[in-house]
Amino acid sequence: MKSETHLYILALVFMSSLWPVWATASEFKMLLRLWPHHHTDDSLKNELLAALEDYPGLWDEAWFFMEYNTLLSEKHNCSARKMGEAAQQLRAIGIKPSVQGLTIGHGDGFEFNTEESIPDKWTTIVNNAGQATRMCSCPRQAQFLEYVEHTFAQYALQCKPSVVWLDDDLRITEHWPAKMLCFCNTCISLFNQKYGYSYEAASLLVAMNGNADNGILRSRWIEFSQESLAQVARSVARGVHAVSPETIVGLQHPNFHRELLEGYDWTPVFEAIKDETGKAPASRPGSGFYDDHEPRGMIRKAFDMARQIRRLPAYVTQIAAEIEGHPHRHTGKSPDGLCTESLLYLSMGATQLSYAIICSALEPMSWYAGNYFGPLSACRSFYEEYVEFNRGTQPGGLNPYISPDFVLRPHYPGEPAFGWFTTGANDVISELATLGIPFSPDGDYSSALFMDAEAVKGLGQKEGESLFRERGILIDRAAWNIACSRGFDKSLDPCGKSVEAVETRYYTSTDGARVAVVPFFSLAVNNASRIALIQAADWVSEHRLPVMTETAAQVVVVPRVDSGYRLRSVTVLNSSISRYTGIKLRLRGCASKSRYIWKRPGHKNIRLKAVADGSDVIVTLPAMDGWKIGYISISHH
C-alpha cells in the first residue's frame with residue numbers, strides 16, 4: 001500500500017511538471033451581456049430565462065445593465081430592485097449575475113432621454129474648443145463622484161453580483177462633441193495646482209501642441225487625465241465594495257493605442273480598483289467589429305485586443321474578450337462568424353468570452369437562442385480546452401512596435417493642430433497577417449520588431465538609435481528613409497546578403513542588429529514577394545520565427561510560445577472564401593518527439609505527420625473551408 005501511494009504521488013508530480021496549469025482552476029468563462037429591458041420587462045425576462053434553461057452549462061454569467069437613460073435616483077432604485085429579483089432567478093438556474101454600468105457617458109445623444117439633462121450639481125466635459133458637452137460628466141466633479149458611488153452601490157446591494165463592470169465610456173477621448181477631456185475650469189485649476197502652472201485652457205492647448213518642456217507637459221496632462229478616470233473607478237469600487245465585498249470590479253476598455261492621449265495603458269484605473277476592493281480587477285478588451293459583412297475586420301480587432309491584453313497589469317488574469325453584434329439583428333453577425341472570431345480572440349490571450357449579441361431584442365428570443373446559443377454551446381468545451389492548453393504562453397512572431405512615448409513626438413510642419421495625438425502606426429499588420437506572417441503586438445516573447453514609416457516617426461531619438469543598433473527589425477523603404485534621415489542607420493552596414501529579384505536589403509551592426517528593408521508593405525504582392533517578406537522576417541528574427549507559411553494561401557497564423565520560445569500551438573484562420581488543401585507550415589521551437597494534433601470545433605482530431613527539416617518541422621493541414629479556424633496542439637515529450 002505504501003509503495004502504491006508513493007507511485008501515485010510520483011505520477012502526480014510527473015504530470016504537474018508536464019502541465020503546470022492543472023494545479024490551478026480554470027478561469028475560462030462564457031458571459032452574456034444584457035440590456036435594462038431584460039430585467040425590467042417581465043415578459044422578455046421570462047423568455048430569456050427559458051432560453052437560458054434550454055442551453056444548460058453554456059453561460060457562466062449574465063451581465064445586467066444599469067439604467068443608462070436617467071440620472072434620477074428613484075428610477076435607478078426601481079430598476080435595481082427588479083434587477084435583484086432577476087439576479088435571484090438567474091442563480092436558480094446556475095448562472096451568476098453581474099452588472100454593467102455607464103459612468104461619465106459616451107457622448108451627447110447616446111445615453112439619455114431628451115427630457116433629462118445633467119443636474120446643476122456638477123458640470124459636463126468641456127472640449128478643447130471651449131464647448132461644453134450636454135450629457136457627459138466631468139470626472140473631477142465631487143458631486144458626480146458621489147453620484148456614481150451611490151448609484152453603483154444601489155445595484156450591487158440588490159444583486160450581490162459576481163462582477164461590476166465599468167463601461168468603456170470611462171475614457172479620455174471620444175465623448176462627442178469632445179474629442180478629449182476635460183478643459184473645464186475645475187480641471188484646469190486642479191491641473192495648475194498639481195504641477196504649479198498658471199495655464200488657461202487656450203494657453204495650455206498651445207503649449208501642448210508645441211510640446212512644451214520637451215514633452216513633460218503632455219506627459220503630465222495625460223497623467224492628470226488618467227487620474228481623473230481613476231477617481232471615478234475608485235468611487236464606484238468604494239460604493240460596490242461597501243455593500244458587496246465579494247464582488248470584483250472590472251473595466252471594459254476599447255483599444256486606444258491609436259488615441260495617444262489615453263496614455264499607454266489603464267494601470268491607474270486598475271490600481272484604484274485593486275486598492276479599494278483588495279481584489280484583482282477583471283478586463284474586457286475590445287472595440288468595434290459589429291457585423292461580419294467585412295469579415296477581415298475581426299483580424300484587426302484581434303490584433304488590437306492582443307495589444308490591450310499585453311498592456312494589462314500582471315495581476316489582471318480574468319480577460320473577457322468582447323464579441324459585439326450591435327444592433328443585434330439577423331442581418332449582422334452570423335453564427336459561424338461568432339464561433340470563428342471567438343477562437344481567434346482566445347488565440348490573442350483572452351481567457352474568457354463576453355457576448356453582446358441579444359441586447360437590443362430586435363429579434364425574438366427563440367431566434368437568438370437557436371442561431372447563437374446553439375452553435376456556441378457546441379463550441380464551449382473546445383474553447384475551454386484551448387485556453388487551458390495554452391496557459392502560460394503568448395502569441396509569438398514580429399512585434400509591430402509602437403514607442404511607449406509616441407505621444408511625445410514633435411508636431412510636424414504642415415500637419416493639422418493636434419495631429420500628433422492620433423496614429424495609425426503599424427495598422428498594416430492586419431493585412432499582412434493574411435499572408436501567413438505571425439505578429440505579436442507588444443509581445444513579451446516576440447522574435448523581432450516590425451515598423452512602418454509612421455512607427456519610425458514616433459521613435460524618440462535615443463530610443464531609435466538603440467533599437468537600430470541592437471535589435472532585429474523588419475521595415476519597408478519608406479520607413480528606412482525616415483530612419484536614415486534621423487541618423488538611425490549610423491551603426492549599420494550592408495551585410496552582403498540581398499535578394500535582387502524582390503529588392504530586399506539587409507544590414508547588421510556590431511551590437512547585434514539585423515535590419516531588413518523590403519520595398520513596401522502591402523497585401524498586393526505576388527507569391528515570390530510574399531516568400532521574400534517572410535524570409536526577411538525570419539532573418540531579422542535570427543531564424544526564430546515560430547511559424548512560416550510555406551504555401552501560397554490567405555491564412556492568418558497565430559503561434560503561442562512560452563518564455564523559452566517553445567511552441568505550444570498554432571491557430572490557423574482561413575481568411576478567404578476558398579477551400580484550401582495541403583497548407584504546409586514550417587514550425588520552430590518543437591521537441592524532436594512532439595505530437596501534432598489538428599483540432600477544429602465539431603470535428604474529430606487529426607494527428608498530423610511531422611517531417612523534420614533540420615531543426616524545423618513541416619506539417620501539412622487537412623482541407624480547410626473558407627473562414628474556418630482551427631489549431632495545432634503540440635505535445636512535447
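User: Which residue in strand 27 does Leu585 stand opposite?
Analyst: Leu585 faces Val619 in strand 27. Keep in mind that this is a predicted model.

User: OK, and how many bridges join strand 23 to strand 27?
Analyst: Four bridges join them. Strand 23 covers residues 584-587, strand 27 covers residues 616-620, and the two run antiparallel.

User: What's the strand order in the sheet they belong to?
Analyst: The order is 20-23-27-26, with antiparallel pairing, in an open sheet of four strands.

User: Which strands stand at the edges?
Analyst: Strand 20 (547-549) and strand 26 (611-613). Each has a single partner strand, so one side of each is left without a neighbour in the sheet. On average, neighbouring strands of this sheet are turned by 30° against each other, direction ignored.

User: Switching topic: which strands does strand 6 pair with, and in what sense?
Analyst: Strand 6 pairs with strand 3 (residues 96-101) in the parallel sense, over three bridges. Strand 6 also pairs with strand 9 (residues 248-254), again in the parallel sense, over four bridges.

User: Which way do the side chains of strand 6 point?
Analyst: Val163 and Trp165 point one way, while Val164 and Leu166 point the other way. All of these are buried.

User: How many bridges join strand 9 to strand 10?
Analyst: Five, and the two strands run parallel. Ala282 in strand 10 is the bridge partner of Gly250.

User: Now the loops. Where is Asp169?
Analyst: Asp169 sits in the loop between strand 6 (163-166) and strand 7 (173-175).

User: Is Asp169 buried or exposed?
Analyst: Asp169 is buried, yet it has no salt bridge. The nearest side chain of opposite charge belongs to Arg171, 6.3 Å away. A salt bridge needs the atoms within 4 Å, so Arg171 doesn't count as a partner for Asp169.

User: What does the side chain of Asp169 reach, then?
Analyst: The backbone nitrogen of Thr103, at 2.8 Å.

User: Where are the cis peptide bonds you can tell me about?
Analyst: One runs from Trp176 to Pro177, with omega near 5°. Pro177 is in the loop between strand 7 and strand 8 (178-180). Another joins Leu181 and Cys182, with omega about -20°. Cys182 is in the loop between strand 8 and helix 6 (185-195).

User: And what is phi for Phe289 and Phe418?
Analyst: Phi of Phe289 is near 55°, a positive value in a residue other than glycine. For Phe418, phi is near 65°, and that is also a positive value in a residue other than glycine.

User: Where are they in the chain?
Analyst: Phe289 lies in the loop between strand 10 (282-286) and helix 10 (297-310). Phe418 is in the loop between strand 14 (398-400) and helix 13 (429-432).

User: Buried or exposed?
Analyst: Phe289 has a relative accessible area of 12%, so it is buried. Phe418 has a relative accessible area of 12% as well, so it is buried too.

User: What about Trp598?
Analyst: Trp598 is buried, with a relative accessible area of 3%. You'll find Trp598 in strand 24 (residues 595-599). Trp598 and Gly215 are 50 Å apart, C-alpha to C-alpha, and 383 residues apart in sequence.

User: Last one: how far does helix 17 reach?
Analyst: Helix 17 (residues 527-540) reaches 20 Å from its first C-alpha to its last. That is close to the 20 Å expected for its 14 residues at 1.5 Å a residue.

User: Which residues of helix 17 are buried, and what follows the helix?
Analyst: The buried ones include Arg530, Leu533, Asp538 and Trp539. Helix 17 is followed by Glu542, whose phi is positive, near 55°.

How values were computed
Residues numbered from 1 in each chain as written. Predicted model: local features only at pLDDT ≥ 70, side-chain atom pairs only at ≥ 80, totals over all residues. Heavy atoms only, no water. Expected span 1.5 Å × (residues − 1). Buried < 20%, exposed > 50% of the residue type's maximum accessible area, 1.4 Å probe, protein only. Pairing = 2+ DSSP bridges. Axes fitted to C-alpha atoms, helices over the stretch in contact; angles between N-to-C directions. Lys, Arg positive; Asp, Glu negative; His and termini not counted. Polar contact = N/O pair within 3.5 Å; in protein donor to acceptor, adjacent residues only side chain to side chain.
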